[in-house]
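Please keep the structure in view while reading.

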Amino acid sequence: MRVRRSLRAHILMWLGGYALLLTAAVMLHGFLVNEIAERLVWDSLLKTELEHHLQRRADDPGYRWSDTDDLQLYASTDARPLPPEVVSLPEGIHDELMLGDREVLVLVRTVQGVKYTLVLDITELESQEDTLTLIVLGLAITLVVVMGALVAWGLRRSLRPLTGLAADIGTLSPDRTGQRITVPEKATTELVVIAGALNDYLRRHEAFVERERIFIDTTSHELRTPVAIIAGASELALEQPDLPAPARQQVQRIHRTARDVERLIALLLTLAKDPARLSRSSDVVMLHELLPDIIDDHRHLLAGKDLQVIVDDLQPCSVSAPLHIVQAAIGNLLRNAIENSDRGQIHVRLDADATVTLQDPGHGMTPEDISRLYAQMARGGGREGGGIGLDLLARLCEHLGWTLSIQSAPGRGTISRLRLSR
């Protein structure tokens, strides 16, 4: 996963780059100016020294040049030979020449047919110049570091309200109303604008959620009432002793279908509600007592099939969840197992960790079918033969924090495991 830099890091990076670039430009400019100025000074100094010597020779023919430790004059009329390093130098001033371990500056000039070579030892001056350069460079680096620390401190103070705003946004919860973002009185205009936009969004979100809640509550009542009437009327009709057998069979079918529709409506409405609201209206469901009732409710699907539902083991356990949702979830898995099996035994087991396992002898699924089914459940798309209600059941599990897993192989049946959070 890509690590994202903070705004502060971005600003510091750009300011640091700018400071380094500016320092480099200043240092380069200083170096170039120093080199040009130094060359002009040396040129002027040596030329002045040579002209002074020539002028004194002209005024006093007996005048003789006296070398010093730092300055020597060579003339082509003298018997003293030139150092080998300067013999072939053309006329002009020559910088940064080495005579042994000395760094020298050389001026070569021809006057009235005589070639003069003036050699100035600048070793000590260059050493002092290097020392001064290092001092200036150190001061520049120190200044950049100090400025960087000050900028970082200032940015931290400037961005602290934005960090606080991000922390306040992180504490917002979708199940609470009346939440608002507050900013300090001295907050910047940009921060006030951001907080205002967020608060406006929170108000609109609350209004939207309230409309959805009212719609769901109204829909729940409007859908449940006619289905409950159909279920109640069919139940009363089944209590009539003189009801003909063909009619009784149809009324039983109506009664079962009405109950199935009730559970489907409950499942759909559950998906539309916030999990926090569901937890407040949950029941304590004794799974080991509920499973036999669910199996009995689905035994009519076994008619005409050489198929049995066998209860292997029911470990006592309970979960906190809406009763009708638990019935619909387990009922859908059992219905799927029955409708995809022709003969044999469907084994049902309940473990102590609230895991319901159904193993059927049905046709089974290929790995590609299972992958397609999981992809379909992840998308929340429509069913394409993967089992009754598996897509809705997968969405329900994600909504309530349950876990659904399916293992299957062609011709070897399917094992479905539903773990309900306790």
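## Terms and model

A residue is called buried under 20% relative accessible area, exposed over 50%, and partly exposed in between (1.4 Å probe, protein chains only). This is a predicted model, in which local features need pLDDT of at least 70 and side-chain atom pairs count only at pLDDT 80 or more, while totals for chains, interfaces and linings use all residues. Residues are numbered from 1 along each chain as its sequence is written, and side-chain values use heavy atoms, with hydrogens and water left out.

## Salt bridges

A salt bridge is a side-chain nitrogen of Lys or Arg within 4 Å of a carboxyl oxygen of Asp or Glu, and the whole structure holds 9 of them. One of these joins R109 and E51 at 3.5 Å, N to O; this pair links distant parts of the chain, with R109 in strand 3 and E51 in helix 1, 58 residues apart. With 43% relative accessibility, E51 is partly exposed, and R109 is partly exposed at 28%. Helices (H or I, at least four residues) and strands (E, at least two) are DSSP runs, numbered from the N terminus.

Another bridge, between D43 and K47, spans 3.2 Å, N to O; these two residues lie 4 residues apart in helix 1, so about one helical turn separates them.

## Nonpolar core

A nonpolar core is a set of buried Ala, Val, Leu, Ile, Met, Phe, Trp, Tyr and Cys residues joined through side-chain atoms within 4.5 Å. The largest has 39 residues, and V326 and W402 are among those with the most contacts inside it. Helix 7 gives the most to this core, with 9 residues.
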